[in-house]
Amino acid sequence: MMVCPNCKHKNMAGAMFCAECGSQLIGNNELVTQNIATDSLNNVGRKPTGALTGSLSGADAWASLHLLDTGQVLPLSSRNEFTMGRISEGQPIMPDIDLSPYQAYAAGVSRLHAVIKKQGVQLIFMDLGSANGTYINGKRLNPNIEHSLNHGDIVALGKLKMQVLVNSS
Ligand SMILES: [Zn+2]
């Protein structure tokens, strides 16, 4: 458990940001052990695909994904549904969010792994039949079944973990 230094909210172990106030949680030593397989070297020099271009400011984002290993933030805006995965050559269907710059291959992310969407005020997360599974707070999801997502949840695509922060404004 991680107690927020700012508002004393008790956050789930592994959280990088407070689910209550958004403060960065410090002293989280568990995250130091990162395994970077040699396969990820193949991605060196690859540029992000630009799928998120135009939404990088995050000002109008309805949610954002905070990658726990790299601290990267992926704001979700300008549309209500994003498929997530990893772009590789010759792939017929491209994911909206390409995670290959974030060690996705080494983490076991499938090409078309999961989808996150907004339905009214609800957030929905669904595994798209990925090889290594999709998790919410450590629980593996059944494929192709919609699960609701809450602010502060930690989701994982294979071993790639990220925290979901919902922008309620
Ligand atoms: Zn807090």
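Modeller: A place to start is contact range: among contacts between residues at least 6 apart in sequence, 43% join residues at least 24 apart. Keep in mind that this is a predicted model.

Colleague: How many helices and strands does the protein have?

Modeller: The protein has one helix and 13 strands. Reading from the N terminus, the order is β-β-β-β-β-β-α-β-β-β-β-β-β-β.

Colleague: What is the strand order in the open sheet of six strands?

Modeller: The order is S4-S3-S13-S12-S9-S10, and the pairing is antiparallel. Strand S4 (73–76) and strand S10 (139–140) are the edge strands, each pairing on one side only.

Colleague: What holds paired strands together, in general?

Modeller: Strands of a sheet pair through backbone hydrogen bonds, in either a parallel or an antiparallel way.

Colleague: Then how many bridges are there between S3 and S13?

Modeller: Five bridges, with strand S3 (residues 63–67) antiparallel to strand S13 (residues 160–166). Leu 65 has Val 164 in S13 as its bridge partner.

Colleague: And what does S12 pair with?

Modeller: S12 pairs with strand S9 (residues 134–136) over three bridges and with S13 over four bridges. Both pairings are antiparallel. Val 155 in S12 stands opposite Ile 136, and Val 155 also stands opposite Met 162 in S13.

Colleague: What sits between the strands in the hairpin of S12 and S13?

Modeller: Two residues lie between the strands, and in this hairpin Gly 158 takes a positive phi near 60°.

Colleague: Which way do the residues of S12 point?

Modeller: Ile 154 and Ala 156 point one way, Val 155 and Leu 157 point the other way, and all of them are buried. As a general rule, side chains in a regular strand alternate between the two faces of the sheet.

Colleague: Change of topic. What is the order in the open sheet of five strands?

Modeller: That order is S6-S5-S7-S8-S11, with mixed pairing. Its edge strands are strand S6 (97–98) and strand S11 (147–149), and each pairs on one side only. Within this sheet, strand S5 (residues 81–85) and strand S7 (residues 112–119) run antiparallel and are joined by five bridges. Thr 83 has Val 115 in S7 as its bridge partner.

Colleague: Now the core. Which residues in the largest nonpolar core touch the most other members?

Modeller: Met 84, Leu 99, Ile 116, Val 155, Leu 157, Leu 160 and Val 164 do, out of 37 residues in that core. S3, S4, S5, helix H1 (104–107), S7, strand S8 (122–127), strand S12 (154–157) and S13 each supply at least two residues. The largest share, five residues, comes from S13.

Colleague: What is Met 84 in contact with, leaving aside neighbours within four places in sequence?

Modeller: Its contacts are Pro 95, Ile 97, Leu 99, His 113, Ala 114, Val 115, Ile 116 and Leu 157.

Colleague: Last one, Ala 104. Why does Ala 104 count as buried?

Modeller: Ala 104 counts as buried because 27 C-beta neighbours lie inside 10 Å, and the cut-off is 20 or more. Ala 104 is in helix H1. Not counting residues up to four places away in sequence, Ala 104 touches Arg 86, Leu 99, Val 109 and Leu 160.

Colleague: Where is Gly 158 relative to Ala 104?

Modeller: Gly 158 and Ala 104 are 54 residues apart along the chain, and their C-alpha atoms are separated by 8.6 Å.

Colleague: And how much of the whole protein is buried?

Modeller: Buried residues make up 32% of the 169 residues.

Note on methods. Residues numbered from 1 in each chain as written. Predicted model: local features only at pLDDT ≥ 70, side-chain atom pairs only at ≥ 80, totals over all residues. Pairing = 2+ DSSP bridges. Core = buried A, V, L, I, M, F, W, Y, C linked by C-beta atoms within 7 Å. Buried ≥ 20, exposed ≤ 12 C-beta atoms within 10 Å, placed from the backbone. Contact = placed C-beta atoms within 7 Å.
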